[in-house]
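Here are my notes on the model you asked me to look over. They are set out as numbered points, to be read with the structure open.

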Number of protein chains: 2
Amino acid sequence: MSTNIPKRPTLEELISGIIRGDRVALARGITLVESKLPSDRALAEQLIDRLLSKTGKATRIGVSGIPGVGKSTFIEAFGVHLTRLGKKVAVLAVDPSSKQTKGSILGDKTRMNKLAVNPNAYIRPTPTGSTLGGVADQSREAMLLCEAVGFDVILIETVGVGQSETLVRDMCDFFLLLTIAGAGDDLQGIKKGIMEMADAIVINKADGDNIPVVKKTLQELKQVVHYFSLPPSGWVTQVTTCSALLGEGIGELWILIESFNEKMTANGYLAHQRSQQNLQWMHQKLDGLLKQEFNRLVKEEVKDLAAKVENRELNPVTAAHQLFDLYKKKKG
Amino acid sequence: MSTNIPKRPTLEELISGIIRGDRVALARGITLVESKLPSDRALAEQLIDRLLSKTGKATRIGVSGIPGVGKSTFIEAFGVHLTRLGKKVAVLAVDPSSKQTKGSILGDKTRMNKLAVNPNAYIRPTPTGSTLGGVADQSREAMLLCEAVGFDVILIETVGVGQSETLVRDMCDFFLLLTIAGAGDDLQGIKKGIMEMADAIVINKADGDNIPVVKKTLQELKQVVHYFSLPPSGWVTQVTTCSALLGEGIGELWILIESFNEKMTANGYLAHQRSQQNLQWMHQKLDGLLKQEFNRLVKEEVKDLAAKVENRELNPVTAAHQLFDLYKKKKG
């Protein structure tokens, strides 16, 4: 909107700006990692590489939940609570479906107006990547930049579309599923596999007339998680309640996450999980690049053979071998 | 053991043998698809391609459950019940961990001695693939051969090691999780994500003194599945009980599976699921081949860069790009 566009900062300016905690440099850095221009991509990688030693100090919390559970109200209440404790809080949104919004920064900020004006908070909307892989890279890199700037807690919100929860689960330390009482009643409530990813399931809207049904749901969900096998961390999924509206249960939740952090730091799981997440990120990125290259060379043939496989005219194994041989021939 | 080894059948002999329902030809065919010799691999693919039009008529049932739930007793009771209804039943085992047993055919058959001697049943132990992908291919191809021979029901047993349940889920129509009462009590009972894959959860050992605790577990598990979202098929995970020992609940379970089959045939989901499974198989196989080729060329570099990523010396995205560029250079 403004015609007074400041000149583009150099890589060195960006790096020093981010290290001294400058928000404008952060925003510029995130814009850079979200850029699709190949020249920007190369710069973005250098930026991340140079800042890597400054990252990793924040607590990374993923927040998932279907629409209607009050995610924005919750993140605002939780974020405000953390800033009162003296923490600097960054909120990132991951929503691979929001292509049309072109980064609805206004939308996100008006949803959380108390947090938006808080000097110790930073809200960044979804990057507008065209692919889930793109969104994944951009969100992870934005998170690293926020850490380099000095945020203590990163809240990563996901709307739960497609594979976005898995993406967020793979980039956070603690994964929180927000739900409401009776969400299971229509058998549509909680997406398959999400509950079992959660370190905590938090029943929101535990206020007023809701309280009896919240109590019932609390008991039921405790029963449900009781059936989950213990993960490698030894951490048992916790079920709690809160009222984001009244700010109740929010402080207790942060204490729970701190106790998770202490235990998982002591037993080495947190460091292990993060290094596994980094390795996984590398492999996913690599797979994506290989797949892209493969499709560039034999896309049409994949379609043809896939159709034959679907119609049971061709054994899937034979089809795979034929495609692989074609690929090897073409690259030559 | 015998020195009187019959000559190796030709491809044509194998095909005609399998089509006319010959068990020896079936065993030979399965041995062929399990072979790791490249020349055998080529023959195996031809065999499957030629028989493809004869496959797909069986009901494919996956059976999973941790050790101790009575899987063998259950499969024997269920298999014997099906043969009494005039069905021909094949039992395949999928256990990627059983490398050392070299195909414990004796072990599998003595575990199910009534079924082993039943002329309408066929028991085949785990193929001894070195990789999960290898076992996956071999098990799927063995299943297709069993269908071409004319089996009506294929029971695919998995021990639940590593990713074997997902593998079995991806090759069957109906996925059955066998459990026992109180299996959740030690929080180790049911592996994460497995319950939500199941079309039915069957509580075995519903006999004698167990009955009260089975009833309690039945109610609890019904509560648990109530929280799962509805899958695309519209089929709600059923929770039932049985006593494989006394043969109780076995007939009811088959009726349940038949009703699943009817509904999923009518709404088109069964055909859809199978064609998706075939496509997925092709893509998984292709990914495996690409990964193999990739590792052949840049294995050492992957190790080096992975170590740097683990130590936070290198951004995972940069590492992936470096590996990809190296690969492109090497493959020339």
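1. Which residue forms a salt bridge with A:Arg41, and how far apart are the closest N and O atoms? In this predicted model, the partner is A:Glu141, and the closest N and O atoms of the two residues are 2.9 Å apart.

2. The contact draws 20 residues from domain 1 of chain A and 21 residues from domain 2 of chain A. Between these two domains of chain A, about 1,700 Å² is buried, and carbon and sulfur atoms account for 59% of that area.

3. As for specific interactions, 2 salt bridges are counted between domain 1 and domain 2 of chain A, and 4 residue pairs are found in polar contact across this interface, with both residues at pLDDT 80 or more. On the domain 1 side, the elements of chain A that give two or more residues are α1 (11–19), α2 (23–34) and α3 (38–51), with α2(A) giving the most, at 8 residues. The residues on this side of domain 1 of chain A divide into 10 nonpolar, 4 polar and 6 charged.

4. Turning to the contact between the chains, 70 residues of chain B touch 69 residues of chain A, and the two chains bury about 6,600 Å² between them, of which 61% lies on carbon and sulfur atoms.

5. Across the interface of chain B and chain A there are 5 salt bridges; B:Lys331 and A:Glu293 meet through their side chains in a salt bridge, with an N to O distance of 3.0 Å. The count of residue pairs in polar contact between chain B and chain A is 16, both residues of each pair being at pLDDT 80 or more. At least two residues of the chain B side come from each of α3 (38–51), α7 (132–149), α9 (211–226), α11 (269–310) and α12 (316–331) of chain B, and α11(B) gives the most, with 20 residues. In composition, the side of chain B that touches chain A divides into 33 nonpolar, 18 polar and 19 charged residues.

6. Finally, on the relation of the copies, chain B can be laid on chain A with an RMSD of 0.1 Å by a turn of 180° and a shift of 0.0 Å along the axis. The two copies are therefore related as by a two-fold rotation axis. The same surface serves both copies, in that 99% of the contact residues of chain B recur in chain A.

Terms used:
Residues numbered from 1 in each chain as written. Chains lettered and ligands numbered in written order. Heavy atoms only, no water. Least-squares fit on C-alpha atoms with pLDDT ≥ 70 in both. Contact = heavy atoms within 4.5 Å. Buried area = accessible area lost by both parts, 1.4 Å probe. Salt bridge = Lys/Arg side-chain N within 4 Å of Asp/Glu carboxyl O. Polar contact = N/O pair within 3.5 Å; in protein donor to acceptor, adjacent residues only side chain to side chain. Helix = DSSP H or I, 4+ residues; strand = E, 2+ residues; numbered from the N terminus. Nonpolar A, V, L, I, M, F, W, Y, C, P; charged D, E, K, R; others polar.
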